[in-house]
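Notebook open, structure loaded. I'm jotting things down in the order I looked them up.

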Amino acid sequence: MSPEITKHNGKAHTSPLRSMPPPSSFTPVTPHLAISPTVSVVVPAMNEAENLPHVFATIPQWVDEIVLVDGNSIDDTVAVARRLRPNVKVVTQTGKGKGDALSAGFAACTSDIIVMIDADGSTDGHEIINFVGALVTGADFVKGSRYASGGGSDDLTVNRRLGNKVLTGIVNVMYRTSYTDLCYGYNAFWARHLDVLDLDCDGFEVETLMNVRAAKAGLKVHEVPSHERNRIHGESNLHVVRDGFRVLKTILKEWRRQPTQPQPEPAATPAADRGVA
């Protein structure tokens with residue numbers, strides 16, 4: 001173990017470096033990259049049996065846990081998920097809506113990092129490494145952006161694009177953020193921040209709620225570029241006008257809510273030891 005060299009009053013001093021965790025604690029990602037935290041991926045799904053083969057194929061094998069939240073599907077969503085990944089953890093949703101599904105999925109996760117993706121094939125699991133990489137190098141909450149350099153969308157209509165731009169601008173002014181994309185369902189965060197996010201909404205406004213509460217709590221939020229693809233099969237349950245008003249209502253309601261203080265980083269697992277090796 002090489003010493004760390006520092007200077008004080010012009011004189012060099014040496015001190016031992018902190019010990020690295022044992023190699024067994026790292027998960028191989030590529031021949032040149034490994035990560036030490038565990039990763040759970042939450043996939044809310046309702047009648048997505050046709051899309052799951054594509055979605056699961058993009059999720060890296062090094063992911064420790066896939067949590068499928070089934071919204072009482074009437075097709076073979078659960079059976080297909082178990083065929084594709086026999087160790088998938090299936091949670092049956094008792095309520096309704098995407099927000100409720102994500103809350104149930106997050107509660108079932110056992111990993112250090114939680115990633116949320118969609119079951120319709122619009123989000124690419126190959127991008128998960130970018131989210132995890134940002135977390136292990138210092139971020140608390142990582143949000144995908146279709147407008148960041150390198151991002152994009154095959155699915156944004158003119159109305160959705162305009163609505164997202166207006167709502168993003170409102171949040172940036174009210175909460176002093178610099179987000180480029182507010183209403184996107186590809187996010188990742190350290191599981192210890194679940195109390196800060198404290199999901200208590202049912203619908204598609206859940207992404208906005210998470211982004212606003214992360215900012216209010218002072219979490220280090222980082223955006224990574226993401227490319228949204230068209231839904232492969234089926235039709236979206238998103239309604240632009242109805243869900244847009246729900247998002248706006250959430251933004252205004254959160255202005256009056258006191259933020260929750262984030263949990264401190266565990267002293268036993270220093271940030272440098274959780275990073276990329």
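Predicted model: local features only at pLDDT ≥ 70, side-chain atom pairs only at ≥ 80, totals over all residues.

I started with Phe-131, which counts as buried because its relative accessibility is 0%, under the 20% cut-off.

What does Phe-131 pair with? I found Tyr-186 there, in a stacked aromatic pair with 4.3 Å centre to centre and 20° between the planes. Phe-131 belongs to helix 4, while Tyr-186 sits in the loop between helix 5 (158-175) and strand 11, so I logged this as a link between distant parts of the chain, 55 residues apart. Tyr-186 is buried too, with a relative accessible area of 0%.

Next I went through the other rings. The structure holds five aromatic pairs. One of the pairs is Tyr-175 with Trp-255, which is edge-to-face at 5.7 Å centre to centre and 65° between the planes. Tyr-175 lies in helix 5 and Trp-255 in the segment after helix 8 (240-254), so this pair ties together parts that are 80 residues apart in sequence. I checked burial for both partners: Tyr-175 is buried at 12% relative accessible area, whereas Trp-255 is exposed at 53%. I also noted an aromatic cluster made of Phe-106, Phe-141 and Phe-189. And which charged residue lies over the face of Tyr-179? Lys-143 does, at 4.6 Å from the ring centre.

Then the cores. The largest nonpolar core has 33 residues, and those with the most contacts inside it are Val-41, Phe-56, Ile-59, Ile-113, Val-115, Ile-117 and Ile-128. I listed the elements that give two or more residues to this core: strand 5 (39-45), helix 1 (52-58), strand 6 (65-70), helix 2 (77-84), strand 8 (113-116), helix 4 (128-136) and strand 11 (187-190). The largest share, six residues, comes from helix 4.

Leu-209 sent me to helix 7, where it is one of the buried residues. Why is helix 7 (residues 206-216) largely enclosed by the rest of the structure? Nine of its eleven residues are buried, so that settles it. My list of the buried ones reads Val-206, Glu-207, Thr-208, Leu-209, Met-210, Asn-211, Val-212, Arg-213 and Ala-214. Just after helix 7, Gly-218 takes a positive phi of about 80°.

Buried or exposed? Asp-118 counts as buried, at 14% relative accessibility. Its side chain makes a polar contact with the side chain of Lys-98, at 2.9 Å. Asp-118 also touches Val-43, Val-55, Thr-123 and Gly-185, again not counting residues up to four places away in sequence.

Last, the whole-chain numbers. I get eight helices and 13 strands for the protein chain. Of its 277 residues, 46% are buried. Among contacts with a separation of 6 or more, 75% join residues 24 or more positions apart. The chain exposes about 14000 Å², with carbon and sulfur atoms supplying 54% of it.

Definitions and conventions
Residues numbered from 1 in each chain as written. Heavy atoms only, no water. Buried < 20%, exposed > 50% of the residue type's maximum accessible area, 1.4 Å probe, protein only. Helix = DSSP H or I, 4+ residues; strand = E, 2+ residues; numbered from the N terminus. Core = buried A, V, L, I, M, F, W, Y, C linked by side-chain atoms within 4.5 Å. Phe/Tyr/Trp six-rings, centres within 6.5 Å; stacked < 30°, edge-to-face > 60°. Lys NZ or Arg CZ within 6 Å of the ring centre and 35° of its normal. Polar contact = N/O pair within 3.5 Å; in protein donor to acceptor, adjacent residues only side chain to side chain. Contact = heavy atoms within 4.5 Å. Areas by Shrake-Rupley, 256 points an atom, 1.4 Å probe, with all protein chains shown as cover.
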